[in-house]
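Please open the model in a viewer and keep the selection panel at hand.

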Amino acid sequence: AGPPAHTAPGSRQQVQGGERRAEPATGAPSARETRAPYRFDYERFRRSLRHPVRGRRPGEDPETRARRMKVKEMMKFAWDNYKQYALGKNELRPLTKNGHIGNMFGGLRGATVVDALDTLYIMELEEEFQEAKKWVEKSFDLNVNGEASLFEVNIRYIGGLLAAYYLTGEEVFKSKALELGEKLLPAFNTPTGIPRGVINLGRQDTRSHFSPCSGMSWSWGWASAGSSILAEFGTLHLEFLHLSELSGNPVFAEKASTSQLILNRVEKPQGLYPNFLSPVTGNWVQHHVSIGGLGDSFYEYLIKSWLMSDKKDSEAKKMYDDALEAIEKHLVKKSAGGLTYIAEWRGGILDHKMGHLACFSGGMIALGAEHAGEERKQHYVDLAAEITNTCHESYARSDTKLGPEAFRFDAGTEAMATRLSERYYILRPEVVESYMYMWRLTHDPKYRQWGWEVVKALEKHCRVEAGFSGIRDVYTTTPTHDNMQQSFFLAETLKYLYLLFCEDDVLSLDDWVFNTEAHPLPVNHTNFKA
C-alpha cells in the first residue's frame with residue numbers, strides 16, 4: 001500500500017500510510033537514567049539575543065501594518081474555529097466542523113495546538129496562546145501507542161515545543177520536548193545509525209501481530225526496499241542539537257550527527273544526493289534526486305545547521321556548497337519562456353517538473369547567498385530571485401492565484417500543472433516562505449505585493465465559514481474544498497505571511513533559524529549551562 005494519492009511521500013508535509021516491515025529495536029538506556037543534574041540558564045539565553053523577539057516596531061507605513069493585522073485576524077479565525085470544533089484533535093475539518101486525527105503521529109494529539117503555539121505568541125494573540133499552553137499542560141498525553149513518522153513528530157511536535165520554550169521560558173514546553181525526544185531514540189537502532197522512518201511510540205503494543213517491544217521502528221512500506229528517506233533522516237539535526245543543549249545529554253546530538261557523517265563519506269552520483277538510502281548498508285537504494293518531496297529539507301538543514309552553530313559547523317557548510325553546485329550543474333534549467341526551475345533527476349534522466357515543496361529553495365538559496373564569497377553572492381541572490389519568480393508564476397497563471405502541487409515545463413506548458421492529480425493546493429507555505437526570505441534579504445517591495453496577493457487568494461478561495469480549507473483544483477474559480485485545515489497552515493503559511501509584513505527585527509535572522517515547520521530555534525551564540 002502506498003501513501004494516499006493526494007500526498008508527496010517522505011516530504012516536508014504529507015499524510016502517510018503503508019505497510020511496515022517490523023524490526024525489533026535494541027533497548028538503549030533512557031536519556032533520563034544517564035542524565036547528570038543539569039540546568040539550562042534561560043535568563044542568560046534571553047540576554048544573549050541581539051533583538052527583542054517581537055521587535056521594536058518603529059514608525060511603519062499604515063498599509064504594511066494593516067496587512068499584518070489582516071494576517072493576524074486570519075490566524076485568530078483559524079485558531080478560534082479549531083478550538084471550537086476540534087480542540088485536541090490533530091486538525092480541524094472546517095466544512096464538517098469536526099476534528100481529524102490521521103495516522104501520522106502515532107496516537108499523539110493536538111498537532112495544531114503545538115504547531116500554532118509560537119505563531120500565536122509572535123502575533124501577540126495572548127489569550128489564544130494561553131489557551132494553547134493550557135491544553136499542553138493539562139491534556140497533551142505522551143503515553144500513546146501507535147506508529148508515528150519520526151520526521152513529522154520531530155518537525156511539528158519537537159520543533160513546536162522547543163520554539164515555544166525558547167520564546168517564553170515556560171518549563172512545560174521543555175519537559176514535554178525532552179520526554180518526547182527520548183521516545184524517538186529507538187528509531188536510530190539500526191546497523192548504520194541512520195534512523196528508520198517509523199517509530200512505535202508506545203511502551204506496550206498488545207496487538208498480537210506486532211512484537212510487544214516498545215520503540216520498534218520500521219521503514220515506510222512504500223519507501224524503496226525498506227530504505228530511509230533523505231528528507232526524513234536529514235531533517236533532525238536542528239531539533240536534536242537543541243534537545244542536547246536543553247538536557248545536557250549529548251545522545252541526541254550524537255544520533256543526529258551520525259547521518260551527516262555517513263552522508264559526507266558516501267559516494268554521491270555526480271555530487272548529487274539520491275532520496276533513498278539503506279539504514280542497513282548505508283548505500284543508496286536508487287538514483288532518484290529531488291529538491292522537492294523526499295529530498296527538500298535535507299539541503300535546507302545543511303545551511304541552517306551551519307547558521308545555527310554560529311557558523312562553526314564547517315562540514316555542514318561545505319556539504320551545502322557542494323550540493324548546491326551539483327544541483328546547479330545538473331538540475332537547474334531555464335524554460336523556453338525564460339523561467340528558471342529545478343528539475344528532478346531519475347538515474348540521469350531529467351523530469352522537467354517542480355513541486356510546490358521545492359519552492360522553499362528560493363528562500364534557502366537566498367539565505368545561503370548572504371554567506372557566500374563576494375563573487376558568488378550576487379550569483380546566488382539572482383538564482384534565488386529567479387526560482388522565486390518561477391514559483392510566483394505558478395500562482396499567477398492559475399485562476400485562483402494559488403499554486404498547484406506540482407507544475408511542469410514540457411510539451412509547451414510552463415509553470416502549470418498538466419495532470420489532474422497535481423492541481424490541488426493544501427494551504428502549503430513554501431512559496432510565501434521564499435517571499436519572506438527574499439524580502440528580508442533584498443527589501444524589493446514586489447515580494448510584499450506577491451505575499452498580499454496570496455492573502456487575498458486565501459481569503460477568497462480557502463476561507464470557509466469555520467476555518468480555512470485546501471482546494472482540489474487551482475484552475476477553477478469555483479473550487480471544491482478538501483475539508484482540511486492543515487496544522488502547517490498555522491505554523492508556517494500564516495507565520496511567514498505575518499513576518500513578511502513585519503520589521504526585520506521580529507524573529508531576526510541574526511538570532512533565529514526556522515526549522516522546516518517554521519518553528520524558530522535560536523542560533524547558538526554561546527553555551528548556556530547554568
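The model is a predicted one. Begin with the aromatic rings: selecting Phe, Tyr and Trp side chains brings up 29 aromatic pairs.

From these, select Phe40 and Tyr166. Their rings are arranged edge-to-face, with 5.9 Å from centre to centre and 80° between the planes. This pair joins distant parts of the chain: Phe40 belongs to the loop between helix 1 (31-34) and helix 2 (42-48), whereas Tyr166 belongs to helix 6, and 126 residues separate the two. Are these two residues, Phe40 and Tyr166, buried or exposed? Both Phe40 and Tyr166 are buried.

Next, move to Phe240 and Phe252. This aromatic pair is also edge-to-face, with a centre-to-centre distance of 6.0 Å and an angle of 75° between the planes. Phe240 is in helix 9 (residues 237-247) and Phe252 is in helix 10 (residues 251-265), so the pair ties together parts that lie 12 residues apart in sequence. Phe240 and Phe252 are both buried.

Select Tyr121 with Arg54: Arg54 lies over the face of Tyr121, 3.9 Å from the ring centre. Then select Trp306 with Lys317, where the charged end of Lys317 sits over the ring at 5.0 Å from its centre.

Which residues have the most contacts inside the largest nonpolar core? They are Leu108, Tyr299, Leu402 and Leu458, within a core of 160 residues. Helix 6 (residues 150-168) supplies the largest share of this core, namely 12 residues.

Centre the view on Tyr299 and display its surroundings. Leaving out residues up to four places away in sequence, Tyr299 touches Leu230, Tyr273, Val289, Ser290, Ile291, Tyr320, Ala323, Ile327 and Met364.

The last stop is Thr119, located in helix 4 (residues 111-122). What surrounds Thr119 beyond its neighbours within four places in sequence? Thr119 is in contact with Met75, Leu490, Ala491 and Lys495. Thr119 has a relative accessible area of 1%, and is therefore buried, the limit being under 20%.

Terms used: Residues numbered from 1 in each chain as written. Predicted model: local features only at pLDDT ≥ 70, side-chain atom pairs only at ≥ 80, totals over all residues. Heavy atoms only, no water. Helix = DSSP H or I, 4+ residues; strand = E, 2+ residues; numbered from the N terminus. Buried < 20%, exposed > 50% of the residue type's maximum accessible area, 1.4 Å probe, protein only. Contact = heavy atoms within 4.5 Å. Core = buried A, V, L, I, M, F, W, Y, C linked by side-chain atoms within 4.5 Å. Phe/Tyr/Trp six-rings, centres within 6.5 Å; stacked < 30°, edge-to-face > 60°. Lys NZ or Arg CZ within 6 Å of the ring centre and 35° of its normal.
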